[in-house]
Every structure is written in structure tokens, then in C-alpha cells.
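This briefing is meant for a reader meeting the structure for the first time. Please look over the sequence and the model below before going on to the notes.

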Amino acid sequence: MKTLRIIVLAIFSITVIGCGGKEEKKKEGFSYEKKSEVSKKAESNPNDVIITSNDAMQFNKKEIKVKAGQKVKLTLKHIGKLDVNVMGHNIVILKKGVDLTAFAAKAATQRDNKYIPKNSEDIIAHSDLIGGGQVSVVEFDAPEAGTYEFLCSFPGHSGLMKGKFIVE
Ligand code: CO
């Protein structure tokens with residue numbers, strides 16, 4: 001009887017250990033699969049753009065390139081800690097021919113409208129104004145091929161926070 005019990009126990013342990021191992025492998029495989037799916041998606045869609053901004057009044061990109069004739073999904077992240085009233089950021093893409101400095105001066109007076117001039121015809125698209133730790137996503141149709149300018153319209157920021165939005 002004793003021998004039989006030991007054998008039964010041994011079989012039971014092997015089964016449990018075996019199952020545990022399998023489960024771990026499955027989990028690992030799943031997480032890898034997920035990661036590669038995400039990176040593939042980002043690589044295959046150049047119009048899915050992420051730009052970050054920080055407490056040092058900077059964007060991490062001076063140039064954004066997208067393809068014409070497709071939707072653009074532009075994600076602005078504020079990776080700093082400062083409040084929106086102190087170090088607020090947005091991203092505004094201007095129509096061709098709009099003077100960036102003149103636009104920034106006008107926008108700076110529009111505090112009640114988050115520094116976006118009301119009914120402005122100068123803008124292709126803009127994100128929301130955000131503070132540290134926040135994210136804003138804006139989707140729009142890519143304009144015709146060409147080079148456009150983008151900026152943060154928070155007062156005093158556009159000197160550093162600006163760049164080219166290139167549609168190919
Ligand atoms: Co800013």
C-alpha cells in the first residue's frame with residue numbers, strides 16, 4: 001500500500017509541475033506576441049505619430065513626416081511634472097503661408113480659449129492644451145503634400161517649441 005501511495009503522489013507532483021511549466025510558457029509567448037504586434041502596427045503606419053514635450057519647454061521632434069491622402073493620428077504627451085498653467089503645451093499645425101511668429105503673438109492673448117485664436121482660419125489641426133503627465137490625441141486628414149510649420153502656442157514657447165510638419 002505504501003509503495004502505491006508514493007507512486008500516486010509522484011505522478012500527482014509531476015502532473016502539477018508539468019502544468020505549471022506549461023502555463024508559464026504560454027504567458028511568456030502571449031506577451032511577446034503582443035509586443036511584436038504593437039511595434040509592427042507603429043512601423044506600418046507612418047501617420048500614427050507620437051511627439052513628447054517636457055518641463056524644459058521642448059518637443060522631442062523638430063520634424064514630423066506623414067503620408068498624404070491618409071488620416072493622421074497625432075499623439076502629444078507631456079512627460080514633465082509641471083502644471084498646465086505653468087508649463088502648458090499643445091501642438092498646432094499651421095496652414096501654408098501663415099506667419100508663425102505673428103500667429104504665436106495672437107494666440108498668446110487667447111488665454112480663455114487655451115491659446116487658440118477663436119474661429120481661426122490659420123490652423124490645420126491642434127491638440128488640447130495639457131500639463132505634466134497628460135496626453136492629447138488629435139486625428140485629422142493629412143493636407144496636400146508640402147512642408148508646414150507646427151508650434152506650441154502657450155505664451156513664450158514657440159521660440160523653442162516649433163518644427164516642420166512634412167507631408168509626402
Ligand atoms: Co509649450
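This is a predicted model: local features need pLDDT of at least 70, side-chain atom pairs count only at pLDDT 80 or more; totals for chains, interfaces and linings use all residues.

A residue is called buried here when its relative accessible area is under 20%. By that cut-off H157 counts as buried, because its relative accessible area is 2%.

- Like H157, which is buried, H89 is buried, with a relative accessible area of 0%.

**Surroundings of S127**
- S127 sits in the loop between strand 5 (123-126) and strand 6 (135-141), and S127 is buried at 3% relative accessibility.
- Leaving aside residues up to four places away in sequence, S127 touches L76, N90, I91, S136 and V138.

**Aromatic pairs**
- Four aromatic pairs are found in a search of the whole structure, one of them the edge-to-face pair of F59 and F150, with 5.5 Å centre to centre and 65° between the planes.
- Because F59 lies in the loop between strand 1 (48-53) and strand 2 (63-66) while F150 lies in strand 7, this pair ties together parts 91 residues apart in sequence; both residues are buried.
- Y115 and F154 also form an edge-to-face pair, at 5.3 Å centre to centre and 65° between the planes, and both are buried.
- Ring pairs also join F140, Y148 and F165 into a cluster.

Terms used
Residues are numbered from 1 along each chain as its sequence is written. Side-chain values use heavy atoms; hydrogens and water are left out. Buried means under 20% relative accessible area, exposed over 50%, partly exposed in between (1.4 Å probe, protein chains only). Helices (H or I, at least four residues) and strands (E, at least two) are DSSP runs, numbered from the N terminus. Contact means heavy atoms within 4.5 Å. Rings of Phe, Tyr and Trp (its six-membered ring) pair if their centres lie within 6.5 Å; planes under 30 degrees apart count as stacked, over 60 as edge-to-face and the rest as tilted.
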